[in-house]
Amino acid sequence: PHGVTRPTRTVLCLHGTNQYGKDSQIWELGEKKNRHFAANLARYGIVTFSPDHLCAGERHLNKELRPYDTVEFYQRHPHWSEVGKMIWDAKRALEAMQMIPVIDMERLGVVGHSLGGYGSFIAGAFDERLKVVVSSCGLTTWEGNESRFKWARNEWYRHFPALRPVFEREELPFELYELASLVAPRPFLNLSGMQDATYGLANNATLPEVGRRIGDLYQKLGCPTAFENCLFDGGHDVPDANMTKVCNWFCQWL
């Protein structure tokens, strides 16, 4: 924001799977323009920090590969997972933010859409420096969902390679919402489109129950208002109303 001279609240903005990388957080780009959380939050007086995801933006170095192709990452780190790298990178981003004078490290949040959406609650689950978490179109369930194999592909962006044989055996060691539950009791806003086909359209029927289970946890922890499960009648998108809700959520809780 203009005129910021002292440490203030700050949000780590994680981009989705698009060709623009971090630039999609600070500009209206492409056909799906309403993704620029960083620019909108800055208008609310919130400092923002927007890194590139691995294999995207300025980190997409091998132009012979598609953006978000993780083949070279797994050649270097065959025993890692891309999600583990996502967590690692978020921690490194927070360390970089620590060197910026206008960032208040006690008032940090994280937000993202799609890839950045689940990246946000996974980062929050493993780093308690993130005090407020917002996920846009990043939450789903795997049980009975054939789209779960998107999370364990054999090529391109491979989230959890070790889960591929497990899913093939029809086993389910954990659910994605259980990772999201690790954010509690810190404030957590989830926004999911009920017409979003990204993770399996029929599977969206599980999202009210997911919200109820996470909400019960917040209730037991004595902070029921710190969690909100916003299910909207739309697809894989960030409607204007959702953008406003995200900005107000950070203003309220940071």
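Student: Where is the place of Trp156?
Tutor: Trp156 sits in the loop between S4 and H6. Helices (H or I, at least four residues) and strands (E, at least two) are DSSP runs, numbered from the N terminus. This is a predicted model, in which local features need pLDDT of at least 70 and side-chain atom pairs count only at pLDDT 80 or more, while totals for chains, interfaces and linings use all residues. Residues are numbered from 1 along each chain as its sequence is written, and side-chain values use heavy atoms, with hydrogens and water left out.

Student: Why does Trp156 count as partly exposed?
Tutor: Buried means under 20% relative accessible area, exposed means over 50%, and partly exposed is in between (1.4 Å probe, protein chains only). Trp156 has 21% relative accessibility, so the residue counts as partly exposed. Its phi is positive, about 55°, although Trp156 is not a glycine.

Student: Which value makes Ser114 buried?
Tutor: The relative accessible area of Ser114 is 11%, and therefore the residue is buried. Ser114 also has a positive phi, about 65°, without being a glycine. The residue lies in the loop between S3 and helix H5 (115-126).

Student: What is the peptide bond from Ala184 to Pro185, cis or trans?
Tutor: That bond is cis, with omega near 5°. Pro185 is in the loop between H7 and S5.

Student: What makes Lys22 and Asp52 a salt bridge?
Tutor: The term requires a side-chain nitrogen of Lys or Arg within 4 Å of a carboxyl oxygen of Asp or Glu. The closest N and O atoms of Lys22 and Asp52 are 2.7 Å apart, and the pair forms a salt bridge. The pair links distant parts of the chain, 30 residues apart: Lys22 is in the loop between strand S1 (8-14) and helix H1 (23-26), and Asp52 is in the loop between strand S2 (47-49) and helix H3 (71-76). Lys22, with a relative accessible area of 18%, is buried, and Asp52, with 10%, is buried too.

Student: How many salt bridges does a search of the whole structure find?
Tutor: The search finds 15 salt bridges.

Student: Why are Arg212 and Glu209 separated by about one helical turn?
Tutor: The two residues are 3 residues apart in helix H8 (residues 207-220), which means a separation of about one helical turn. Arg212 is partly exposed at 45% relative accessibility, and Glu209 is partly exposed at 30%.

Student: What else does Arg212 meet in a salt bridge?
Tutor: Asp216 meets Arg212 in a salt bridge, 2.7 Å from N to O. Asp216 and Arg212 are 4 residues apart in H8, and therefore about one helical turn separates them. Asp216 is partly exposed, with a relative accessible area of 34%. A network of salt bridges links Glu209, Arg212, Arg213 and Asp216.

Student: Why is the pair of Trp142 and Phe174 edge-to-face?
Tutor: Rings of Phe, Tyr and Trp (its six-membered ring) pair if their centres lie within 6.5 Å; planes under 30 degrees apart count as stacked, over 60 as edge-to-face and the rest as tilted. By this rule there are 16 aromatic pairs. For Trp142 and Phe174 the ring centres are 5.3 Å apart and the planes stand at 65°, so the pair is edge-to-face. The two residues are 32 residues apart, Trp142 in the loop between strand S4 (132-136) and helix H6 (163-168), Phe174 in the loop between H6 and helix H7 (176-181). Trp142 is buried at 1% relative accessibility, while Phe174 is partly exposed at 24%. Both belong to one aromatic cluster, whose members include Tyr118, Phe149 and Tyr199.

Student: What sits over the ring of Phe167?
Tutor: The charged end of Arg148 does, 5.6 Å from the ring centre. The term asks for NZ of Lys or CZ of Arg within 6 Å of the ring centre and within 35 degrees of the ring normal. Arg92 lies over the face of Trp88, 4.3 Å from the ring centre.

Student: How do you know that the span of helix H9 agrees with 1.5 Å a residue?
Tutor: The expected span is 1.5 Å times one less than the number of residues. The 14 residues of H9 (residues 240-253) should span 20 Å, and the end C-alpha atoms are 20 Å apart, which agrees.

Student: Which residues of H9 are buried?
Tutor: They are Asn242, Met243, Val246, Cys247, Trp249 and Phe250. Seen down the axis of H9, these buried residues fall within an arc of 155°, so they line one face of the helix. The arc is that of the directions from the helix axis to the C-beta atoms. On the other side of H9, Asp240, Ala241 and Gln252 are exposed.
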